[in-house]
Amino acid sequence: MRGLRPVSALASMSLLAGCGMLPSDGPDEEELITVGTMSAPSTLDPAKAWDSSWELYRNVFQTLLSFPSGATEPEPDAAESCEFSDASNKVFTCELREGLTFSDGDTLDAAAVKYSFDRMRTLEAKGVVKGGPMGLLGSLDTVTTKGDRTVVFRLKKADATFPFVLSAPAMSIVDPGDYPADKLRTGDRITGSGPYTLEAYTPNEKAELVKNSNYKGAADVKNDAVTIRYFKKSSAMVDALKKKQIDVTFRGLAAEDIVAMQNRGRREQDIELVEGAGTEIRYLVFNTKDPWARKLPVRQAFAQLVDRAAIAHKIYKDTVEPLYSMVPRGLTGHATGFFDDYGNPSTAKARKILTDAGITAPVPLTLWYTSDRYGSATAPEFAEIERQLEASGLFRITLKSRPWTEFQDGYSKGEYPVFGRGWFPDFPDADNYIAPFVGPKNVHNMPYLSKEITDEVLPRERRETDRGAVIDDFERAQEILVEDVRLLPLWQGKQYIMSSEEIAGGERALDPSAIMMMWELQRKTSW
């Protein structure tokens, strides 16, 4: 497999004062590390989740391939080796490591891998899961086994991104004895084979992880135990860090908390702020079943009015940057189509688009957002979008919100005319910012039919293992996205971690999909 270009390089923005600190040689002492985040899992069953539940999965389950710290291409994890075993890149074969077991002692063999993939298909086919991670496996035809350790994936068509797909936490290997074939597992337990076992779990409060002594994989676990605490507000999470109730903060830091830390005084020099380029994006989705959102001129006028720079500056204090493409800056295939076609916000241009279509009265639209998934700035962000649109006199906006689990159910049922979503990549390739959103089945459970993208562009770029050679294909796909305005990119995020100066490894703990690898964290010892 050819590698991808690195998409992020983390650099500490603060220096330690005094004598300096060195990482310890290893987790000799059973010292707990506590991580705060605002990304509570929506489910403990990986067959259902296509969201930031993956943050937990990466640490307790195994996938055949994964991204070790610093890697730019997937490497074997539960597998000992994986490769395309035919000239046409349609047969992908993995050989498992010897002696793999689940946390309950059951054997993890080729049959368990096959079961995990077959189960995802069954749950999707029966309607138990809608808009789930099966959308990543569109190219998969069959999964077969040879003996106890060999798994063979046969694809319907060549797909150079398939190794990257296998690295996504949605492809976690589950124990057939604990995960029913035709329904989701319930309860607060996980049976995995990853670096940690889930010792205890309280929904929306905390997950207690303990080092898995039987783990066999690529991760070098540098601590004995990690507790993940789930917060609803960034300010509460940062306050807990300052009070030494937690050691590290991860996803969900609000802009004002980041800026405050950047301008911190001497009293807070014992906290490190790590900043890096990110691949998270925020965007809007238009539901073409809605009588107004279905009209192309309405979507075009909407796109002509949105002021991304104002959102980035006023709401996020420049901790994010405006985005004019569904593919973020830093990835091969990034473009600026929405700026090229719409330029700077203009009420006059938006009015002409609507009047040319015979629309003269203000357009009524309801905008939906999740109240507890993407951070405390989401509500102000949508209030700013409402202000921008209504200031033009061309739209009449109603804002509504729901908690994530209800919100997710609502958009899956097609209830929202326009709604906001965030996207953290399954893998760092432009394909993953286009393919999941188009086709009869996609992550929004809302058909977006574009035969040129699904039948021509995506199959063509997936035949090419040299990802630098598919720029023209991705640019064409983005031209179509701009023409349709079914999706409207808003901004691209950066990655921030705050940690106690006693903790090392924060800069190594993020994989290319912005999922924290808890095993990279460790306490420091003084000279």
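Residues are numbered from 1 along each chain as its sequence is written, and side-chain values use heavy atoms, with hydrogens and water left out. Because the model is predicted, local features need pLDDT of at least 70 and side-chain atom pairs count only at pLDDT 80 or more, while totals for chains, interfaces and linings use all residues.

**Exercise 1. Describe the largest cavity: what is its volume, and which residues and elements line it?**

Step 1. On a 1 Å grid over the protein atoms alone, a cavity is a set of points where a 1.4 Å probe fits but cannot get out; lining residues have an atom within 4 Å of a point. Grid points are joined across faces, edges and corners, and a volume is the space filled by probe spheres set on the points.

Step 2. A search of the whole structure gives four cavities of 30 Å³ or more. The volume of the largest cavity is about 440 Å³.

Step 3. Its lining consists of 28 residues, and Arg251, Gly252, Leu253, Glu280 and Lys494 lie nearest the centre. Two or more lining residues come from each of helix H5 (255-262), strand S14 (271-286) and strand S19 (487-500). Helices (H or I, at least four residues) and strands (E, at least two) are DSSP runs, numbered from the N terminus. S19 gives the largest share, five residues.

Step 4. The classes are nonpolar (Ala, Val, Leu, Ile, Met, Phe, Trp, Tyr, Cys and Pro), charged (Asp, Glu, Lys and Arg) and polar (the others, Gly among them). The lining has 14 nonpolar, nine polar and five charged residues.

**Exercise 2. Describe the largest pocket: what is its volume, and which element gives the largest share of its lining?**

Step 1. A pocket is an open set of points with protein on both sides within 12 Å along at least five of seven lines.

Step 2. The largest pocket has a volume of about 670 Å³. It is lined by 37 residues, of which Gly135, Gly138, Ser139, Val438 and Lys441 are the closest to its centre.

Step 3. Helix H2 (110-125) and helix H12 (451-462) each supply at least two lining residues, and the largest share, six residues, is that of H12. By class, the lining divides into 15 nonpolar, twelve polar and ten charged residues.

**Exercise 3. Is phenylalanine 61 buried or exposed, and which residues is it in contact with?**

Step 1. Phenylalanine 61 is located in the loop between H1 and strand S4 (65-66).

Step 2. Buried means under 20% relative accessible area, exposed over 50%, and partly exposed in between (1.4 Å probe, protein chains only). Phenylalanine 61 is buried, because its relative accessible area is 2%.

Step 3. Contact means heavy atoms within 4.5 Å. Leaving aside neighbours within four places in sequence, the contacts of phenylalanine 61 include Leu44, Pro46, Ile173, Tyr179 and Pro195.

**Exercise 4. What is the phi of lysine 317 and of aspartate 318, and where do these residues lie?**

Step 1. Most residues other than glycine have a negative phi.

Step 2. Lysine 317 is not a glycine, yet has a positive phi of about 50 degrees. Aspartate 318, also not a glycine, has a positive phi of about 65 degrees.

Step 3. Lysine 317 is in the loop between helix H7 (308-315) and strand S15 (320-322); aspartate 318 lies in the loop between H7 and S15.

Step 4. Lysine 317 counts as partly exposed because its relative accessibility is 41%. Aspartate 318 counts as partly exposed at 41% relative accessibility.
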